[in-house]
Amino acid sequence: MLHLKSIKTAFVVIMATSLLSACSNTDKATPSVQPAKASKTLNETGMPIVKQPITLRMMAGQSPLQGEWKDKLLWKEAEKKTGIHIDWNLVPQASLEEKKNLLLATNDIPDAFYGGGINSQDMITYGQQGLFIPLNDLIDKYAPNFSKILKANPEVLKGITAPDGKIYGLPKMSSNITHRIGTKMFINQKWLDEAGKKMPATTDELYDVLKAFKAKDPERIPLSSTDINNTLRSLAGAWGLYSRGNANAYVDYDDKAGVMRFMQTDPKYKDLLTYMNKLYAEGLLDKEIFTNNATILTAKISKGLVGGFANINVVPAGQLKANYAGLGAALKGPAGDQNWGGISPVLQNQGAFVITKNNKEPEATMRWADYFLDGEGAVLYWMGVEGKTFEMKDGKYRFVQDIVNNKDGLTLDQTISRELVSPFSVHPIVREERFAWDTGEGMPEVIAAANNLKPFVPKEIWPAFLFTKEENDRLKALSNDIHTYVGEMQTQFIMGKAPFSKWDEYVATIKKMGLDEYMKIHKDAYDRYKRN
């Protein structure tokens, strides 16, 4: 097995310190990571994981679709294979934050949190307090699947390493480019043909197409979405924004200036909002874009009213999905910018799984979590059991007909949730293309749209950065004012309620709210990320 230290050495620099040590933003020495001790019940390789059955207590967030977990095929089969029984403490997603905070505050914690609402700051705060144990050595010795992922994706290792050099959680990840290129823009090909227009390749051509759609019938909605931010992200790359992906919604990197920037005060962001205001003022952008949701968008499309929409897939188009095709390439903007910044990193969520100080079998727990990251464990997590929940067709994993075409009219998410827990999950797994054929990501139109955009995604894609507790406390205070104001003014500028003559005043207001300090905190976190 390739050790984590070797992984870092291969991609960064040789470190003379202990395994996975990293410099903090002080001169203090990084605390050492104690080696994991072998468990008497553990089988270090092979299955089952333990010599005698054990029970682990885990807290997990529960989707309304899922029902109880203890009787699901997934966990029954996993227990047979691993020898580990999980005593699930399921908490509805709506009350997960409250329940999680209560448990952490009272130290009434389970053996592990599995998709239990642990955010990156919880992970660092309670890791440093000792409630969550460091995983560095456990990963190195007992997580061969995860170690292989880290070797192939060094940015994941950089992104999960806390400021003190320790790793406190296993992340949720995605290797499926169709999933990672989240928001895509789909245009009604039938309407294009009727108007004698080709698929737009520039923002000017998109404007002309939307004008043609509107001219045909004033009741039409040329461009819509489930919300304004989906539309904004699908256009932002034409102005060179989101140059490092979309995991950080406010900061990216200005390659020409060679500095990190706050996108929402950049002149290019003003130009983007000016373009969107033009669409809105001329009735080319849905007037209800600020109050839309998936249900409303689906209803509008089903009535034949929508010419184009921004969404992760064409599911909202329902029976009309064949009418819509993705852009042939990322739109080119007025200054020649052409990137698709609406892409998420491989590293999706740093705190999907943490092991607590109460756990008496951390080695077995790590092996259990690692089992679902590749091989038969990944198949079991995503697809279940062959012949019961899935079958192989033309070399592809496909759910059985009772799941994809349920006779009782259940949706795909409902039928999957009867035996699995993958829909709407934040678990320590890898979302792979091979398991996506029967989902919205597996639709031919969606795959084609993603492949068209893939050549235009940024070469470097940042994960969400990790902050020290002190940085995070300060950032919360700054972000509350800055982000709220930016959101309010974004709406005002697009709707025309705030004239662009007030742009300089808008920028000055954000600076007064502490933008320089806000950016310094992000810059420090970015510098640590680069050093890891």
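What radius of gyration does the protein have, with its 532 residues? The value is 24 Å, which agrees with the radius near 24 Å that a compact globule of 532 residues would have. Here the radius is taken over C-alpha atoms, and the globule rule is 2.2 Å times the number of residues to the power 0.38. The model is a predicted one, in which local features need pLDDT of at least 70 and side-chain atom pairs count only at pLDDT 80 or more, while totals for chains, interfaces and linings use all residues. Residues are numbered from 1 along each chain as its sequence is written, and side-chain values use heavy atoms, with hydrogens and water left out.

Along the principal axes, the C-alpha atoms fill a box of roughly 75 × 60 × 40 Å. The protein contains 21 helices and 14 strands; these are DSSP runs numbered from the N terminus, with at least four residues (H or I) for a helix and at least two (E) for a strand. Of the 532 residues, 55% count as buried, meaning under 20% relative accessible area, whereas exposed means over 50% and partly exposed lies in between (1.4 Å probe, protein chains only). Among contacts (heavy atoms within 4.5 Å) with a separation of 6 or more, 76% come from residues 24 or more positions apart.

Next come the aromatic rings. A pair of such rings is described by the distance of the centres and the angle of the planes. Rings of Phe, Tyr and Trp (its six-membered ring) pair if their centres lie within 6.5 Å; planes under 30 degrees apart count as stacked, over 60 as edge-to-face and the rest as tilted. Searching the whole structure gives 38 aromatic pairs. In one of them, the ring centres of Phe113 and Phe132 lie 6.0 Å apart with the planes at 65°, so this pair is edge-to-face. Phe113 belongs to strand S3 (residues 112–114), while Phe132, 19 residues away, sits in the loop between helix H4 (120–128) and helix H5 (136–142). Both Phe113 and Phe132 are buried.

Tyr114 and Trp368 make another edge-to-face pair, at 5.6 Å centre to centre and 65° between the planes. Because Tyr114 lies in strand S3 and Trp368 in helix H14 (residues 362–371), the pair ties together parts that are 254 residues apart in sequence. Tyr114 is buried, with a relative accessible area of 1%, and Trp368 is buried with a value of 1%. Tyr114 and Trp368 also belong to one aromatic cluster together with Trp69, Trp75, Trp88, Phe353, Tyr371 and Phe372.
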